[in-house]
Amino acid sequence: MTSTRRRGLIDIEIDAQKEKVRKIKEDNRIFDTLETDKTTLDNEKKKWFFTRWFSPTSIDDLEKRIARKEQKIKEGLERTSIDKIHELEERIRILELAKTNRCENVVWMDVPEILDKKIQDDYLEKFRKLPQKIDEQVQSVNITMFGGVGVGKSSFLNTVVTALINNPQRIYRDYKTAPSTTGISKTKAFQLDKLKVGDTRVVPIRFYDCPGINEDEYNTMNLDVLEAVIKGHVKEDSTFNPEEIRKKRGQSYREHPTFKDVMHCIVFVIPATTNLYDRDDEALNKIRNLQQRINGPRDVKQVAIVTNIDRIGVPNVDMESVFKYPNVKEFCEDVSKVLEIEIQSVYPIANYHEEQKPTAAKNALALMALWDMFKCGERHIKKKLEIGLNDDQ
Ligand SMILES: Nc1nc2c(ncn2[C@@H]2O[C@H](COP(=O)(O)OP(=O)(O)O)[C@@H](O)[C@H]2O)c(=O)[nH]1
Ligand SMILES: [Mg+2]
């Protein structure tokens, strides 16, 4: 059979899993047949005793066979439970289902067909070539992320750092933020460390990690606070203190921000598992209200990332083909409609969650999104610098 279709990581994984199941079943058969062999041996011996007739090789063969099996067990062969086998078979079924849901002719604009190492390396090269400052006055693109608690904001930063540093053995999990295990956001520091490519070369991008904007009993993250963040009223070296920002005083509040302090790109973070048409979704409502406040002639650029793509039927192992999944495209289109952000600036993202090693596909997705954020921010800055900063705000 000849096939022009490339064998992807998912095919390799399916084959590997099938082989694993085959091997386990073969091993289990050793245990299953050992008892039968022993019974047959007993019977053969009895037959010989009563009739003095037996096939001369059968007892010998059986004894050898039993000895071989017992030796394997002694060497550590283990029986695998039926539940475990079912679990593996279920995994194969899910991967095969994913493959059938995938569609070769899903059309996205300007997206690579396969997110392989080459795409990852090309983006890394682009970041490596960036100047370390954008301008003397405004050195970096300031980016902040808004989204509910636990939507993957801190994880996205960790994915970005993992991708930029590009150590094939290491996933960064604590990039200046505490991992949230309780569902309560523990994000503390506002401005995060400088991003670096390959751990050395500084990239002119600064991230500001905000607390979640929902489950907000005392309305601490209200629209005034979010707007103050965008307008640069929060001092970068302070911990995030919504109370001070609301009262417009205190050590974390900056009364007179300049253009280098404002956010140059806002990222809305939406998990792919969100019901976008739920009118009671607090985070979505807040984002839309915020947009009404800030959308104006001097727009700051907005992009969206859709996290948790691995939870809507794209297996981690097939993330390289993420753009071939119609449901991913549909969800991103819906985000584009609901938040009125052009589809080119809605990025599917799968953050590292339980895996041990980075993958080219997840890195590439994060780098693509980051590149767009950077370019948007940079354009915004350059435009403003051309107009003249005095005209600002
Ligand atoms: N499977 C999966 N889990 C994710 C993803 N993004 C975040 N998580 C998990 O969701 C939980 C909350 O993420 P976190 O980044 O702390 O959310 P934050 O409150 O927005 O900063 C953590 O357990 C993450 O590992 C993703 O893309 N896929
Ligand atoms: Mg967080």
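**Entry 1: domains**

I looked up the domain assignment of the chain, which gives domain 1 (9-101) and domain 2 (117-391), the bounds coming from an automatic or database assignment. I noted that this is a predicted model, in which local features need pLDDT of at least 70, side-chain atom pairs count only at pLDDT 80 or more, and totals for chains, interfaces and linings use all residues. Residues are numbered from 1 along each chain as its sequence is written, while chains are lettered from A and ligands numbered from 1 in the order in which they are written.

I found that 52 Å separate the centres of the two domains, taken over C-alpha atoms, and that seven residues of domain 1 are in contact with seven residues of domain 2 (contact: C-beta atoms, placed from the backbone, within 7 Å). On the domain 1 side, the largest share, four residues, comes from α3 (helices are DSSP runs of H or I with at least four residues, strands are runs of E with at least two, and both are numbered from the N terminus).

**Entry 2: ligand 1**

I then asked which residues are the closest to ligand 1. They are Gly152, Lys153, Ser154, Ser155 and Asn351, among 20 residues that surround the ligand (a residue counts if its C-beta atom, placed from the backbone, lies within 6 Å). Helix α5 (residues 153-165) supplies the largest share of this shell, three residues.

Strand β1 (residues 141-146) pairs with β4 in the parallel sense over five bridges (pairing needs at least two DSSP bridges), and Val141 stands opposite Ile205 in β4.

I saw that the largest nonpolar core has 82 residues, with Val267 and Cys265 among those that have the most contacts inside it (a core joins buried Ala, Val, Leu, Ile, Met, Phe, Trp, Tyr and Cys residues through C-beta atoms within 7 Å). Helix α10 (residues 360-387) gives the most to this core, 13 residues.

Is Asn308 buried or exposed? Asn308 is buried, with 21 other C-beta atoms within 10 Å, whereas Lys248 is exposed, with 12.

Key: Contact = placed C-beta atoms within 7 Å. Buried ≥ 20, exposed ≤ 12 C-beta atoms within 10 Å, placed from the backbone.
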